[in-house]
Amino acid sequence: MSEKLIFELSSEGRMGFSLPPVDVPEMKKEELIPQDFLRKEPPALPEVSEVDVARHFIRLSLFNHHVDKGFYPLGSCTMKYNPKINETLSRLSGFLNLHPLQPEDTIQGALKLMFELGEYLKEISGMDEITLQPAAGAHGELTGLLMINAYHRRNKQLRSQIIIPDSAHGTNPASVVTAGFSAVQIKSNERGLVDLEELKKAMNEDVAALMLTNPNTLGLFEAQILEISKVVHDSGGLLYMDGANLNAMMGIARPGDMGFDVVHFNLHKTFSTPHGGGGPGSGPVGVKESLAPFLPVPLVVKRENKKRLEEYHFDYKRPFSIGRIHGFYGNFGVMVKAYAYIRQNGAEGLRKVSENAIINANYLKENLKHHYHLPYEGPCQHEFVLSGINQKAKGVQTLDVAKRLLDFGVHAPTVYFPLIVPEALMIEPTETESKESLDEFIDAMIKIAQEVEENPEVVKSAPHDTPVSRLDEAKAARELNVRWKE
Ligand SMILES: *Cc1c(COP(=O)(O)O)cnc(C)c1O
């Protein structure tokens, strides 16, 4: 692995284009531009040809793993292959060149898209109203929790606690604290689900809500969700669903029908925007009628004008709104992709997405459970969690297994999460993988399990075939240096 910086590839006078000779009188720039506006020094930009640029970035992209290059079974992240046409659609000039301060009557198409996207998400989730403003899942969580707070205050109640199961995503407790609540953790039962008795014990008049992921981070569906909902609502609490990964549910079940009052979606996961590495996200939040007054402003609404034609507007008239939680209206480009994805699939297609995601995960689970410990038996949803404890007993950690997978051209699964599974390997194949790529992954995992028995050193010192091997991850975060050479 040695790739120069593009600045080091620079060669004076080299260009990526050639222009025909001028056919008008040439003038010096000093004659055209006032002295004050001219640079003293030329800009320090690399001078390279188009070939130099294309090859440089292609080479760099190959050093890394990405979903366009290979299987990416990162649990709780829904790293599906994203249809490229969505990129094209989100770059249509009518969308791309909009300005957020344009008058409403000049952006009717964009408003219609936002309105309809909201309607689709309401239909998919069974919620009554929606905001598209939050820019990510965690941002959606914060928005939902602020609305829950506003709801209780309006009912003259000060409730300070949010209950979270021990299998929850790390953003849940973080959002709870950011929103000014305190987090109360409850233990899962031996099947990996919410323990109803534990929940009943934790419920009291200080509990504002239960925050639940369903299917939970073990990939298991909370079969007692209706009982859970009753326990929470009977003592005046609300039910929040972390719907970051809706990949197992579309067209099959709806959070709104399960008793959830608030749910956030990650458009960048379930509804196809390339993410990871801090890419753009979108975390809309759907609510039941009871929480609708508190939604952030503005909302996109549809009205009929005097000529009985449809018009779309921003609605700011929400006196109990928690206010704005994002500049302007959210990450519009991600909304365009989600809209395109939903329209391309249609209702039947979305259901198939979920069915295939579930079948793929179960196929992997059944083929791997004899080689790695499966702590929670039974059918899974879109993901499942294995434990590397048997490998650990032979001196090989889950981290080593994850690193060794890189040698097989596969991205490692999520590791050491959820926290309730020791040496966890959390695997989510998504619906976009073929049986062949699932089989390759199974073969790689089985081969590694055999290596642990026969030649553990090769696993412990992996990866061997990547451009760099084990990096000091803490150092990379603490002493960020993006230059190749000093
Ligand atoms: C990804 C994820 C989140 C956080 O979403 P971001 O967009 O990364 O903020 C929250 N909960 C669950 C279950 C997730 O998988």
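**View 1. Lys80 sits in the loop between α2 (50-63) and α3 (84-90).** Helices here are DSSP runs of H or I with at least four residues, strands are runs of E with at least two, and both are numbered from the N terminus. This is a predicted model, where local features need pLDDT of at least 70 and side-chain atom pairs count only at pLDDT 80 or more, while totals for chains, interfaces and linings use all residues. Residues are numbered from 1 along each chain as its sequence is written, and side-chain values use heavy atoms, with hydrogens and water left out. Is Lys80 buried or exposed? Lys80 counts as buried, because its relative accessibility is 2%; buried means under 20% relative accessible area, exposed over 50% and partly exposed in between, using a 1.4 Å probe and protein chains only.

View 2. A polar atom of the Lys80 side chain lies 2.8 Å from the backbone oxygen of Thr270. That's a polar contact: a pair of N or O atoms within 3.5 Å, and within protein one must be able to donate a hydrogen and the other to accept it, with residues adjacent in sequence counting only if both atoms are side-chain atoms. Leaving aside residues up to four places away in sequence, Lys80 touches several others, including Val67, Asn247, Lys269, Tyr341 and Glu431 (contact means heavy atoms within 4.5 Å).

View 3. Ligand oxygen atoms turn up 2.8 Å from a polar backbone atom of Gly137, 3.0 Å from a polar side-chain atom of Asn266 and 2.8 Å from a side-chain N or O atom of Lys269. On its own the ligand has 380 Å² of accessible area, and the protein covers 86% of that (Shrake-Rupley method, 1.4 Å probe).

**View 4. Strand β12 (residues 424-427) is covered on both faces.** Ala424 and Met426 are buried on one side, Leu425 and Ile427 on the other. Strand β10 (residues 384-387) runs antiparallel to β12 and is joined to it by four bridges; strands pair if DSSP finds at least two bridges between them. Strand β11 (residues 414-415), also antiparallel to β12, is joined to it by two bridges. Which residues partner Leu425? Leu386 is its bridge partner, and Val415 stands opposite Leu425 too.
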